[in-house]
Structure formats: C-alpha cells, structure tokens
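I opened this notebook to record what I looked up in the structure. The entries follow the order in which I worked.

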Amino acid sequence: MKVLGVVVEYNPFHNGHLYHLTQAREIVKPEYTIAVMSGNFCQRGEPAVIDKFARTEIALKMGIDVVLELPTAFAIQDAGGFAFGAVSLLDSTGVVTDVVFGSESNDIDFLWQVAKILFEQPEEYKALLHEELKKGYSFPNARKFALMRYFSLKGWNEKNVLRLEKSNDILGVEYLHSALRIGSSIRFHTIKRVGAEEKDISFKGKFSSATAIRNLLREEKWSEARESLPEASYEILMREFKEGRGPVFLEYMGDFMLAFFRLKEREYFEKIHGFSEGLEKRFQVCARQTGSYKDFLECVKAKRFTFSRIRRLSLFSVLEMSKEFVEESNEKGPQYIRVLGFTEKGREILAIMRKKAKLPIVTNMSLYRKVLEKTELPVDRNLFVEQLKLDVKATNFYSTFFPSKEERCRERDFAIHPVFLRTET
C-alpha cells in the first residue's frame, strides 16, 4: 500500500497547490493522501487568511483524504523546525510511504547531497560555518556561504549552492535532513515548482503566488483572486468572509502586539525562544519608540535579522514560547497526531493508522486527556499537554481577530469537531 504525504499551509489553497497535488499523485499513484497542514499561523510568522477548519474543508474537497495539524510549536519556526515537525509527524503515522514536495531546482540528488552535509556535519564545514557567522551574516546566509566554500574545497560546483536561495529548495533540504535525523524510511520525490515564486507580490493570473493572492484578497479584488483559485477554494473563502471568520491579516494584530511588547521588560524576552544577539533589547527599545507594528518591524530589522524572523519572534513572545519548551520540542518532536478532517475514504486509512501510529491520535479535543491516559505509546506526557495547549492558545488568539464579534465567542478547538466530508452521490 502506498500512502502519499504532503506538507502544506494552503494559505489559501490555489491552482499551484492543485497542480502539485495532481502531479504528486501521478508520481506515487497512492491509495491514500495525507496532508500535514499548519494551523492558524504559518511559517513566515503570519496568520492564515482563514482558519484551519475552513482550510481543511478546502483540502478535503480538493482530494486530500486526511488532514493533520502541524503543531504550532513547529508551524511557526524557521525552515529547520518546521520541516522537522512535519516529517516527524508524517513518519509517526506509521502509514505514509512517500512524500512529494515542490522544488525550484527539481534536483533531488543535489538536495540529498546538501542534506547529508548538514546531517553529518564534517569538521571542515563546521569551521567554515563558524567563520561566516562571525562575519555577522544571518544563519541562512552564513550557511549558504559556508556550503559554497565547502563545495569548492571538495572540487564540486559551488554555484549549485545558490539554488538554496529559493524557499522550496531550502525547505526541501530540511525535509531530507529531518528524515536522516529520525531515520525515516519514507521515500522523497520532487516536483518542479510552476508559476510565480512564493514571495512574488504581482498578479500572474492562473498561477499567482499565495502572497499575491492574499494581497488581492486584502484589496477585495475578488475577480482577480478567483482566477488563481480552484472554485471550491474561492467559494469557501467567500463564505468565511461573509460569515465574519476572515480575512485575518497580520496588520489586524499590530496594535495588540506593539502594546504587548511595551508592557514587557527585557528579561521577559530573554526567556523566549529565538532571542539572542541583542534582539531582546531591540524589541524593548523599538516597541517604545515606534507607533505601529510596521514601523516596529523596520526598527528591529538589521542585516542579521530578517522580517520573517522578527515576525516569528513576535509570535513566540505573544504565545509565551520559552526556550526550554521549543528546545525540548525540537529534540523530541510532536507528541500527538491531531486530526483536523477526513473524507469517507480517509476513515479507512485512519483505522489503519490507529493500529500502526507511533503517537496517540487526537480526533476529539475534549477527550485529549483520556487519549493521553489510555495510550501505551512512549510519549512525553508533559510535553504532549504543553504542545496541545499551545495549539489551543494560538487558536484562541487568532479568533480574537475575526471581523465578527459573535464568531470570536468560543474556544474553536473544543467547539468544532474534525471536518468530515461525505462522498457525494
């Protein structure tokens, strides 16, 4: 039996995602498809435009059989933490045989070559990385330059490393690195990315980037956005907007975040994951010297500190993600499998997962404590509760920014059961 696994954010689900899913099925020819999807916040430190339950519904309508939530502890980390959480979760299902991811280079051999260097950490590479970090580069750039020098040292084409400036190839290397780290037997494949690049903000018609589509939604340019979205995706987006559960954008949270940062002393930030190199002082000072979150980001930004990193740190701070908690999560991985939705066909693979999974499966959040009490699987019980409570906290925070005040008035993780899509007859 072949089971396809994909790692997604679907923010929102667009034609490029449909192309990826169709091509992935052609490569693997699976009996079932399982998606690990970010919850209400995404890897670039931004909220999803609509919540995880609506995005799950879209995914099921587009052909996914089961949607699992990537715990918040991993979903809002950098590429390494995000990939480790996702690959660990797919591996823990006990059923996923193949993973297909988009790639700008579409060169799986090269990506494996880099992943093995990162996993094996040759002494020459480690020394070069240390030298580049001492020059003041951000970690991604320092690693890129160190890899180029290492390739040159080995007589390989160092220009190949420049491929790692593209977001999908960066993530791809981290997926493979994570697979090596946990000893996964999952087979990995790549698909050539088509259409606009992820950060391309310009409208490119049918294959526009998710960033461009979110901008169109922000500007209420519905007809242009519709051209880039499958019909079911567009319809559910419009339904969520009409009913006041979206859109949700980072700027809606800006005043809250700025006020939150102003209330905190430097010592608070020092306890939060990711703060180093004086960032705790920059957060404290910039929060008190700027009048908007946008200006705050500009104030904190420096050569070593990208906007994405600052946005992620903002979320770590608001969600109170301590250094110890994230380090433990990055050591032990996800401690549960949270099911967000499934189809009638998906029920079949869930039944098999219940016998083969390496982690307890949570479908009804109200019963998570019973799931933990009954499981005989080797999980860290305290970390299980901490990771799951963070997901609940993230959802509660996110839903505060729904346009409809009535829709803000419940804990959605407990009020909403997994999305179930019946087969149409």
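**Entry 1. Charges over rings.** I count a charge as sitting over a ring if NZ of Lys or CZ of Arg is within 6 Å of the ring centre and within 35 degrees of the ring normal. I note at the outset that this is a predicted model. I looked up Lys 264 and found its charged end over the ring of Tyr 268, 4.5 Å from the ring centre. I also looked up Lys 301, which lies over the face of Phe 307 at 5.3 Å from the centre of that ring.

**Entry 2. Aromatic pairs.** I searched the whole structure for aromatic pairs, and the search returned 31. I examined Trp 112 and Phe 188, which form an edge-to-face pair with 6.2 Å between centres and 85 degrees between planes. Trp 112 belongs to helix H5 (residues 108–120) and Phe 188 to strand S5 (residues 187–192), so that, at 76 residues apart, the pair links distant parts of the chain. I then checked accessibility for both partners. Trp 112 counts as partly exposed because its relative accessibility is 23%, whereas Phe 188 has a relative accessible area of 8% and is therefore buried.

I turned next to Tyr 150 and Trp 156. Their ring centres are 6.1 Å apart and their planes stand at 75 degrees, so this pair is edge-to-face. Tyr 150 is buried, with a relative accessible area of 5%, while Trp 156 is partly exposed at 36%.

Entry 3. I asked myself how many residues of strand S1 (residues 3–8) are buried. I found that six of its six residues are, and the strand is mostly covered. In a regular strand the side chains alternate between the two faces of the sheet. I read the directions off S1 accordingly: Val 3, Gly 5 and Val 7 point one way, and Leu 4, Val 6 and Val 8 point the other way, all of them buried.

I followed the pairing of S1 next. S1 runs parallel to strand S2 (residues 32–38), and six bridges join them. I noted Met 37 of S2 as the bridge partner of Val 8. Between S1 and S2 the chain passes through helix H1 (residues 15–28), and I recorded this β-α-β crossover as right-handed. S1 is also joined to strand S4 (residues 98–103), in parallel, by two bridges. Here Gly 5 stands opposite Val 99 of S4.

**Entry 4. Strand S3.** I asked why strand S3 (residues 66–70) is largely enclosed by the rest of the structure. The reason I recorded is that five of its five residues are buried. Val 66, Leu 68 and Leu 70 point one way from S3, while Val 67 and Glu 69 point the other way; I noted that Glu 69 is buried along with the rest.

I found S2 and S3 paired in the parallel sense over five bridges, with Val 36 opposite Leu 68 of S3. The chain goes from S2 to S3 by way of H2, and this β-α-β crossover is right-handed. With strand S6 (residues 337–343), S3 pairs in the antiparallel sense over four bridges. The bridge partner of Val 66 in S6 is Phe 342.

**Entry 5. Leu 421.** I located Leu 421 in strand S8 (residues 419–421). Leaving aside residues up to four places away in sequence, I found that Leu 421 touches Leu 60, Lys 61, Phe 342, Thr 343 and Glu 344.

**Entry 6. Helix H11.** I compared the span of helix H11 (residues 231–242) with expectation. At 1.5 Å a residue its 12 residues should span 16 Å, and the end C-alpha atoms are 16 Å apart, which agrees. I listed the buried residues of H11 as Ala 232, Ser 233, Tyr 234, Ile 236, Leu 237, Glu 240 and Phe 241. These buried residues pack against helix H2 (52–61), helix H9 (210–218) and helix H10 (222–227).

I then looked up Lys 242, which lies in H11. Lys 242 counts as exposed because its relative accessibility is 77%. Its C-alpha atom is separated by 9.7 Å from that of Pro 403, 161 residues apart along the chain. Finally, I noted that H11 is followed by Gly 244, whose phi is positive, near 80 degrees.

How values were computed. Residues numbered from 1 in each chain as written. Predicted model: local features only at pLDDT ≥ 70, side-chain atom pairs only at ≥ 80, totals over all residues. Heavy atoms only, no water. Phe/Tyr/Trp six-rings, centres within 6.5 Å; stacked < 30°, edge-to-face > 60°. Buried < 20%, exposed > 50% of the residue type's maximum accessible area, 1.4 Å probe, protein only. Pairing = 2+ DSSP bridges. Right-handed = clockwise from strand over helix to strand, strands pointing away. Expected span 1.5 Å × (residues − 1). Contact = heavy atoms within 4.5 Å.
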